[in-house]
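Hello,

Here is the structure I promised to pass on. Have a look at it first, then read my notes below.

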Amino acid sequence: MKPKIRKATRHVNQNEGLIFEKSSPGKAAWKLPPLDVPQVDTAKLLGKAERKDLGNMPEVSEIEIIRHFTRLSTWNYAIDLGMYPLGSCTMKYNPRVNEAVARVEGIANGHPYQPEKISQGALQIMKTLSECLIEITGMDAITLQPAAGAHGEMTGLLMVRAYHQSKGNPRKKVLIPDSAHGTNPATAAMVNYAVENLKSDARGMVDLASLKQQMNEDVAALMLTNPNTLGVFEQQIHEIADILHAKGGLLYMDGANMNALVGKVRPGDFGVDVMHLNLHKTFSTPHGGGGPGSGPVAVKKGLEPFLPAPVVVAKPDGTLGFEYNRPHSVGRVRSFYGNFGMFVRALAYIQANGPDGLRETTEDAVLNANYIRKGLEGTYDLPYSTPSMHEVVFSDKLQARKGVRTMDIAKRLIDYGFHPYTTAFPLIVPGALMIEPTESESKEEMDLFIEAMKSIAEEVEEDPQTVLDAPHSTRVSRLDETAAARKPVLRWKPAN
Ligand SMILES: *Cc1c(COP(=O)(O)O)cnc(C)c1O
C-alpha cells in the first residue's frame, strides 16, 4: 500500500492563467462617502506635487485585491502549515501568546525617543530578559543590541579584540573548526582576524591534538558552535577551554544551537567567555523572510567593560535608565536598543514555559531529532554515529548511486507537503541532509515526514527521474538559485 501523502498542491490552481495582471480601467478598491467638511483646495495645498492621474497603479476591485494577496500567501510555505525541518535554522512554532503580549498597547506603541521616565515598563522588559538569559547561559553580563546571530558574532569578536587590546596585544588569529556554522569564518574575516581552520575527529568533534598544536599567543579566540553543525555536543568542552585559557585565548561559543542545551547545561559553567544567542531560534521569535532577528551577546565578568553602550542600569532613585558613559565600550552596534519587539516575544516565551517548561522543550527537541534519526537510519546514510542532539545529519550516499543528490530529494519533499531540510550543509558531510524537527512537532507529523522520506527513497530506486524533475506541484519548478539570490525580483513593476 502506498503511504498516505499530503500534497502541497491543495492551494495551487495551475489553470489560473495570467495571475498578476489583474488591472482593468476604472476599477477601484475603495469608495468614500461624500465630504461633510469644507473641501480643501488640494491644488493650492500640494502645488506641483498633486497627482492628476493614477500613473501606472493597477486598477482592481476590493475583492480582487484581497483574493490576489490571499492566494499569493498560500503559495508560500510556513511553519503554520506544517513541519519546517530546516536544519540549523530552528524553525520552531511561534506561540500565539508571544504575539498577544507584543500587541499590548503600551508595548506596541512605545517609541525609542520616549523619555526614560515613561519607558519604565520597556526598560523592565529588557532588564528581566537580560537576567533570564544570564541565568540560562551562566554568564555574567549581556547586551541585547545585535540584530541577528551573525551580528552577535561580530559584536562578540569586537569585544574579544578590545579585551586583548587592553592587555597590550590584539592578537591576529581566530581558530574555527570545520564543523562550525558558515557565518563564523565570515564574521572573523570581516572584523579582520585571520581564520585558521581546525579539523574534526572521526566522532565529529574538535580534534584536541590539532587544537593543542595550533594554539599559541597569537590566537585571540576559538569560535565554537556547540552543539556543532553535525548536531554533536563537544564532549571535551572543558579541555578545549583549558587549552585556550592556558595561552591567554578566549572561548567564543556560537550559541545559536542553545535549543539543545537550555535548562540542561550552561556554557558559563563549561568555560565559555563570550557567546551569542539567537532569540529567533531558541526562544521562538519569528524569523521568516530574513528578520527581524535578535542576537544578544553574553559575556563573563572580564569582558563586561567592553559591552556596547548603552546598557540598562538601576539608578540611585530606584528607576531604570540607560547608561551611556562606558569608556571601554566597543560602541553602539545597532540603532536604539535592538529589536525590542523580539525581546517582548522571547521573554513571553521564557515566562510562559518557566524553568521546567524550557528544560522539557530542550528534551523534546533532542527526542524528536532522534526519533527521525531512528526512523530514517538505513534508508539514508548516517555518516557520524555519535549521538544526535537537536538535529541529525544524513548523507545522500545511497541515493547518489542512482544519480539523485540531496537537493533533488529536498525538491521532491516539497511535493509531499513539507518544507525542505537544509541541503549540502555542513560542508564536512558531502551531500548532507540536515534535519531539525524542533520540539514543536507531534509524533503524527514526524511519522508523515518519515513516510515521505522513505517514499522518496523508494522512488529513487524505481523511478529516479520523478525525483530529479521535482517539484511537480509548485507554481514554478527548479529556479536558477544563483540568479534568485543575486538578482532577486522582489516587487511588481508595470509591464510597460
Ligand atoms: C543561524 C545560525 C547563525 C547565524 O544567525 P543569523 O541570525 O542567521 O545571523 C550562526 N550560527 C549558527 C550555528 C546558526 O544556526
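Start with R478. This arginine is partly exposed, with a relative accessible area of 35%. Please keep in mind that this is a predicted model. R478 forms a salt bridge with D408, and the closest N and O atoms are 2.8 Å apart. The two partners sit in distant parts of the chain, 70 residues apart. R478 is in the loop between α15 (464–468) and α16 (481–486), while D408 belongs to helix α13 (residues 406–415). D408 counts as buried, because its relative accessibility is 8% and the cut-off for buried is under 20%.

How many salt bridges does the structure hold? The total is 23.

E459 and R412 meet through their side chains in a salt bridge, at 2.9 Å from N to O. E459 lies in helix α14 (residues 443–462) and R412 in helix α13, so the pair ties together parts that are 47 residues apart in sequence. Both E459 and R412 are buried. Salt bridges with shared partners also join E99, R103 and R345 into one network.

Next, look at R405. Its salt bridge partner is D396, with the closest N and O atoms 2.9 Å apart. D396 is buried, because its value is 2%.

**A buried aspartate without a salt bridge**

D273 is placed in the loop between β5 (250–255) and β6 (274–277). D273 is buried, yet it has no salt bridge. Which side chain of opposite charge is nearest to D273? That is K300, 5.4 Å away. D273 does have a polar contact, though: its side chain meets the side chain of H245 at 2.7 Å.

**Cavities**

A search of the whole structure turned up three cavities of 30 Å³ or more. I looked at the lining of two of them.

The largest cavity holds about 50 Å³ of space. What lines the largest cavity? The residues are L230, V232, R373, L382, Y384, T386, P387, S388, V392 and V393. By class, seven of the lining residues are nonpolar, two are polar and one is charged.

The second largest cavity has a volume of about 40 Å³. Its lining consists of K92, N259, V262, T282, F283, Y349, L358, T361 and T362. Helix α11 (residues 340–376) supplies the largest share of that lining, with four residues. The classes here are four nonpolar, four polar and one charged.

**One spot near the start of the numbering**

P25 lies in the segment before α1 (42–46). P25 is exposed, because its relative accessible area is 77%. How far apart are P25 and P58? They are 33 residues apart in sequence, and their C-alpha atoms are 8.4 Å apart in space.

That is the tour. If you want a place to begin, open R478 and D408, the salt bridge at 2.8 Å. Then move on to D273 and its contact with H245.

Best wishes

Terms used
Residues numbered from 1 in each chain as written. Predicted model: local features only at pLDDT ≥ 70, side-chain atom pairs only at ≥ 80, totals over all residues. Heavy atoms only, no water. 1 Å grid on protein atoms, 1.4 Å probe; cavity = no way out; pocket = protein on both sides within 12 Å on 5 of 7 lines; lining within 4 Å. Points joined across faces, edges and corners; volume = space filled by probe spheres on them. Nonpolar A, V, L, I, M, F, W, Y, C, P; charged D, E, K, R; others polar. Helix = DSSP H or I, 4+ residues; strand = E, 2+ residues; numbered from the N terminus. Buried < 20%, exposed > 50% of the residue type's maximum accessible area, 1.4 Å probe, protein only. Lys, Arg positive; Asp, Glu negative; His and termini not counted. Salt bridge = Lys/Arg side-chain N within 4 Å of Asp/Glu carboxyl O. Polar contact = N/O pair within 3.5 Å; in protein donor to acceptor, adjacent residues only side chain to side chain.
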